[in-house]
Amino acid sequence: MFKQTVYAMALTATLSFSAASQAADLDVEKYNALALEVVQGALSGNPNIDDLIAKNKQLVTMGKAACQARATSSPQDAPLMNLVAKNADHMQTLSLEEIEEQWHDGEFVTANGIDLDAYDHYGEAISLMDTVVHPATSVIALDLYKQTGDEALLEQVKDEVTEVMEHIKQL
């Protein structure tokens, strides 16, 4: 009896780990908690912009690591995941218009021979790509907010991070 119980527990743990490892490439709970802090900070009325930038950069780092893990575990997604991970830091230096065209609209991805239409918009690959693209866009918007004080940029930060939170519900 004891042996069967131990075997059943081990099997359950193995199956749970196997199922969890698919999404474990990204700690969704931690990512969501940090993203929520960004949204709340952007809407606070008195945001600490440097703190919000740091949190978005942390989100980018988490997303980049998840993309790298997905590239290893899913050869069909490797070209897209590697492209995102390789360009994660550079994305944050673009203008809002450039990141919109290159990454949100997919021009850079397409120029690198990847057909975004072949991916499900709420599938794992695009959702993981968005864990990098949306917070990178927020970094750009926050840097611009520091220069201009334009409140619409804080609304954009909220929208960017809220959208990625919708995507990661699929993971």
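This is a predicted model: local features need pLDDT of at least 70, side-chain atom pairs count only at pLDDT 80 or more; totals for chains, interfaces and linings use all residues.
## Helices α3 and α7

Helix α3 spans residues 49–73, and helix α7 spans residues 124–148. Their axes come within 8 Å and cross at roughly 160°. That angle makes α3 roughly antiparallel to α7, since angles over 145 degrees count as such. The crossing of α3 and α7 is left-handed. By class, the residues of this contact are 15 nonpolar, 4 polar and 7 charged.

## Helices α2 and α3

Helix α3 also packs against helix α2, which covers residues 28–42. Here the axes come within 10 Å and cross at roughly 155°. The two helices α2 and α3 are therefore roughly antiparallel to each other, and their crossing is left-handed.

On the α2 side, the contact is made by Lys30, Tyr31, Leu34, Ala35, Glu37, Val38, Gly41 and Ala42. On the α3 side, Leu52, Lys55, Asn56, Gln58, Leu59, Met62 and Gly63 take part. Sorted by class, the contact of α2 with α3 has 8 nonpolar, 4 polar and 3 charged residues.

## Thr131 in helix α7

Thr131 lies in helix α7. Its relative accessible area is 0%, so Thr131 is buried, the cut-off being under 20%. Setting aside neighbours within four places in sequence, Thr131 is in contact with Leu26, Tyr31, Leu59, Val60, Gly63, Val164 and Ile168. Among these partners, Tyr31, Leu59 and Gly63 are also named in the contact of α2 with α3.

## Lys57 in helix α3

Lys57 is part of helix α3. With a relative accessibility of 40%, Lys57 counts as partly exposed. Not counting residues up to four places away in sequence, Lys57 touches Gln92 and Val139.

Lys57 and Ala136 are 79 residues apart in sequence, while their C-alpha atoms are 7.1 Å apart in space.

## The aromatic pair

The structure holds 1 aromatic pair. The rings of Trp103 and Phe108 have centres 5.2 Å apart, and their planes stand at 40°, so the pair is tilted. An angle below 30 degrees would count as stacked and one over 60 as edge-to-face.

The two partners are described separately for accessibility. Trp103 has 2% relative accessibility and counts as buried. Phe108, at 25%, counts as partly exposed, because the buried class requires a value under 20% and the exposed class one over 50%.

How values were computed. Residues are numbered from 1 along each chain as its sequence is written. Side-chain values use heavy atoms; hydrogens and water are left out. Helices (H or I, at least four residues) and strands (E, at least two) are DSSP runs, numbered from the N terminus. Buried means under 20% relative accessible area, exposed over 50%, partly exposed in between (1.4 Å probe, protein chains only). Contact means heavy atoms within 4.5 Å. Axes are lines fitted to C-alpha atoms, for helices over the stretch in contact, and angles run from 0 to 180 degrees between N-to-C directions. Angles under 35 degrees count as roughly parallel, over 145 as roughly antiparallel, 65 to 115 as roughly perpendicular and the rest as oblique. A crossing is left-handed if the near helix is turned anticlockwise from the far one by less than a right angle, and right-handed if clockwise. Ala, Val, Leu, Ile, Met, Phe, Trp, Tyr, Cys and Pro count as nonpolar, Asp, Glu, Lys and Arg as charged, and the others, Gly among them, as polar. Rings of Phe, Tyr and Trp (its six-membered ring) pair if their centres lie within 6.5 Å; planes under 30 degrees apart count as stacked, over 60 as edge-to-face and the rest as tilted.
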